[in-house]
Amino acid sequence: MLSFDSRLPLGSKRAMKRTAETFDVVVIGAGAAGMMCAIEAGKRGRSVLVLDHAVAPGEKIRISGGGRCNFTNLEGDKAERYLSANPHFCKSVLSRYSPRDFIALVDRHGIAWHEKTLGQLFCDGSATEIVAMLLNEMRSAGAVLRLRSEIDRVEQTDTGFEVAVGGGRIACDSLVVACGGKSIPKMGASGFGYELARQFELDITDTRPALVPLTYAVQVLEQLKPLIGVAVPQATVKGGKGRFEEDILFTHRGLSGPAVLQVSSYWREGEEIVVDFAPGLDALDFLKTAKREHARTALHTVLGWKLPRALAVLIAHDHGAPGNMADQPDKALKAVAEMVNAWRTKPVGSEGYRTAEVTLGGVDTRGLDQKTMAARGVPGLYFIGEVVDVTGWLGGYNFQWAWASGFVAGQAV
Ligand SMILES: Cc1cc2nc3c(=O)[nH]c(=O)nc-3n(C[C@H](O)[C@H](O)[C@H](O)COP(=O)(O)OP(=O)(O)OC[C@H]3O[C@@H](n4cnc5c(N)ncnc54)[C@H](O)[C@@H]3O)c2cc1C
């Protein structure tokens, strides 16, 4: 049982409201960041209450990484792997809680893991092991978790904050906002963190769905129909200032796969993306050689040596001349090579928050202290995790940000 805060000055506004429960720290949001913060604050002897409106904690952890949770990345402390209007902000936070620190925690709990690719660490078993680990740590640290808690109101008091929830009132010295972003509303995402930030006059940078599949106009989709379900391994996708070489996948709405999800964080409406289906291959050179050496072979067969068959057939049909390699004029070979090495298209949008893994943008970091995640000018108020304008690449970076920002706030609350 937690003991209530006894350091209140008698006669203070808060002490007079006798019906209010009291905690040192209230964390709103039992996700990755909120639970990490509660653990660290609890370990320091602070009484901590975590409130969440969902029926279960850590729901995004549970569904993450295809159910295996890509819980960090070996390069998760590299600031250049994160997007923010204030790109240097995350450096200090990331340096204070590294991927190694989280791996050590996972190891202490005997959770088996493996590196899949590009430094991405996944559980061997299930993502629920990470949720169970965090809940165990919270229990050991004495933090209290209250689910199904709809928050009606938050008010600043003389000594901290008062949170109105489910007809009751909870007073606290420190309030930590860890409500996440807007992605996947059906998993509890609410945008409530932004409302709180506005209430306390913090700025919010533009928010938009990120790490999300890109969509195309109906006419383009009609052309790409034969490619639905086709994956191209290790393609290069360029969009905005982003350039990624990973798999891509044609879907019935457009393009997905890791390289496209990554680029979606950089791409903006009206811009082109450029796909190289065979990076490292000079397609024109390859086709000219094939014309000399395999004159009687069909163009789509030659392309099929380098590309998935359905893509090879489509490119040959749309850009090649009828007949075999011998029948291909230079102009056709050029057009085909251009399609292979630099396919230019304009997505019309993205699948939106319904499927986006994260929200780009959020609470402007210029209003936060980079050592503690505290809001400047509002003593005792903290913002951590995805609600903040720090967005990681795909591959465990977003959890690393959640752990690290939760950790530093947990040391300060
Ligand atoms: C499908 C999917 C897969 C992903 N896979 C990975 C991955 O493998 N690796 C990786 O690094 N990242 C992954 N991510 C991103 C990662 O899940 C998030 O970046 C991370 O969960 C953010 O942590 P958070 O604690 O800030 O927010 P969240 O985990 O979103 O937690 C916020 C919590 O706040 C609660 N909440 C919201 N509003 C309110 C309110 N009004 N009142 C009370 N409680 C509220 C929510 O119920 C939730 O429990 C994935 C995301 C998705 C959607």
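Me: Which element gives the most to the shell around the ligand?
Reply: That is α14, with 4 residues, where helices are DSSP runs of H or I with at least four residues, numbered from the N terminus. This is a predicted model, in which local features need pLDDT of at least 70 and side-chain atom pairs count only at pLDDT 80 or more, while totals for chains, interfaces and linings use all residues. Residues are numbered from 1 along each chain as its sequence is written, and side-chain values use heavy atoms, with hydrogens and water left out.

Me: Which residues come nearest to the ligand?
Reply: A33, D52, S190, E386 and F399 do, out of the 32 residues around the ligand, a residue being counted if one of its heavy atoms lies within 4 Å.

Me: And which polar backbone atom is 2.8 Å from an oxygen atom of the ligand?
Reply: One that belongs to E386, and a backbone N or O atom of H53 lies 3.2 Å from a ligand nitrogen atom.

Me: How much of the ligand does the protein bury?
Reply: The protein buries 93% of the 1,000 Å² that the ligand exposes when taken alone, with areas from the Shrake-Rupley method and a 1.4 Å probe.

Me: Switching to helices, at what angle do α5 and α6 cross?
Reply: The axes of α5 (residues 99–108) and α6 (residues 128–140), which are lines fitted to C-alpha atoms over the stretch in contact, cross at roughly 90° and come within 10 Å. That makes α5 roughly perpendicular to α6, a term for angles of 65 to 115 degrees.

Me: Which residues make that contact?
Reply: F102, L105 and V106 of α5 meet I130, M133 and E137 of α6, with contact meaning heavy atoms within 4.5 Å.

Note on methods. Axes fitted to C-alpha atoms, helices over the stretch in contact; angles between N-to-C directions. Helix = DSSP H or I, 4+ residues; strand = E, 2+ residues; numbered from the N terminus. Parallel < 35°, antiparallel > 145°, perpendicular 65-115°, else oblique. Polar contact = N/O pair within 3.5 Å; in protein donor to acceptor, adjacent residues only side chain to side chain.
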